[in-house]
Amino acid sequence: MVCLTGGGMLRFAAGSPGTGRQRVLVAGTPEEYPAGEVVPVGQGEAFIGRDNNGLYAVEGRCTHLGCRVKWNAGAGEFTCPCHGSVYDHTGRVVRGRAPRPLRPVALDLDATGKLMVDLRRGVLAGSRLTV
Ligand code: FES
């Protein structure tokens with residue numbers, strides 16, 4: 001396992017040799033994610049949001065052809081710069097070519113109370129971490 005710093009947070013590399021993509025991201029503490037906000041982690045590899053049911057994470061890749069999506073806080077939606085797909089704050093498709101919602105991924109707390117986003121593990125839509 002390799003430890004890197006970037007974007008103000010530690011990131012752990014796991015798997016994916018040679019791709020440069022981090023598969024498990026350490027994303028700070030739950031207190032860093034206020035209700036109603038969506039925050040990029042790992043330079044946009046994933047996003048963590050918090051709604052009334054808890055914390056959730058989605059992969060930051062458009063489900064059309066895999067471009068990196070951007071969070072537009074003013075509009076409260078993700079947009080894809082490649083062909084214009086739009087997703088709501090939970091990753092559901094609002095419009096555009098995207099065939100599926102943004103991929104919900106595992107979000108866990110480690111033994112030290114840090115959030116871990118595991119891009120290797122998809123979860124059911126609507127999954128929440130309550131902390
Ligand atoms: S890759 Fe996102 S809409 Fe085509």
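What percentage of contacts in the protein chain between residues at least 6 apart in sequence join residues at least 24 apart? The share is 35%, where two residues are in contact if their C-beta atoms, placed from the backbone, lie within 7 Å.

1. Basis of the note. This is a predicted model, in which local features need pLDDT of at least 70 and side-chain atom pairs count only at pLDDT 80 or more, while totals for chains, interfaces and linings use all residues. Residues are numbered from 1 along each chain as its sequence is written.

2. Overall make-up. The protein chain has twelve strands and zero helices. Helices (H or I, at least four residues) and strands (E, at least two) are DSSP runs, numbered from the N terminus. Of its 131 residues, 29% count as buried. A residue is buried if 20 or more other C-beta atoms lie within 10 Å of its own, exposed if 12 or fewer, and partly exposed in between, with C-beta atoms placed from the backbone.

3. Strands of a sheet pair through backbone hydrogen bonds, either parallel or antiparallel. Two strands are taken to pair if DSSP finds at least two bridges between them. β4 and β5 (residues 46-51) run antiparallel and are joined by four bridges; Pro40 stands opposite Phe47 in β5. The two strands form a hairpin with four residues between them, and Gly42 in the turn has a positive phi of about 60°. Between β5 and β6, which also run antiparallel, there are six bridges, and a hairpin joins these strands through two residues. Phe47 stands opposite Val58 in β6.

4. From β6 to β11. β6 pairs with β11 in the antiparallel sense over two bridges. Here Val58 stands opposite Pro104 in β11. β6 is mostly covered, with five of its six residues buried.

5. The nonpolar core. A nonpolar core is a set of buried Ala, Val, Leu, Ile, Met, Phe, Trp, Tyr and Cys residues joined through C-beta atoms within 7 Å. The largest such core has 26 residues, and those with the most contacts inside it are Ala46, Phe47, Ile48, Ala57 and Val117. At least two residues of this core come from each of β3, β4, β5, β6 (54-59), β11 (104-109) and β12 (115-122). The largest share, four residues, is supplied by β6. Leaving aside residues up to four places away in sequence, Ala46 touches Leu25, Val41, Ala57, Val58, Glu59, Gly60, Val105, Val117 and Leu119.

6. The open sheet. Four strands form an open sheet in the order β7-β8-β9-β10, with antiparallel pairing. Its edge strands, β7 (70-72) and β10 (93-95), each pair on one side only. The twist averages 35° from one strand to the next; axes are lines fitted to C-alpha atoms, for helices over the stretch in contact, and angles run from 0 to 180 degrees between N-to-C directions. β7 and β8 (residues 77-79) pair over three bridges, and Lys70 has Thr79 in β8 as its bridge partner.

7. Ala27 lies in the loop between β3 (24-26) and β4 (38-41). Why does Ala27 count as buried? Ala27 is buried because 25 other C-beta atoms lie within 10 Å. Its C-alpha atom is separated by 9.6 Å from that of Leu107, 80 residues apart along the chain. Thr130 is placed in the segment after β12 and counts as exposed because it has 7 C-beta neighbours inside 10 Å. Thr130 and Asn52 are 9.7 Å apart in space, C-alpha to C-alpha, and 78 residues apart in sequence.
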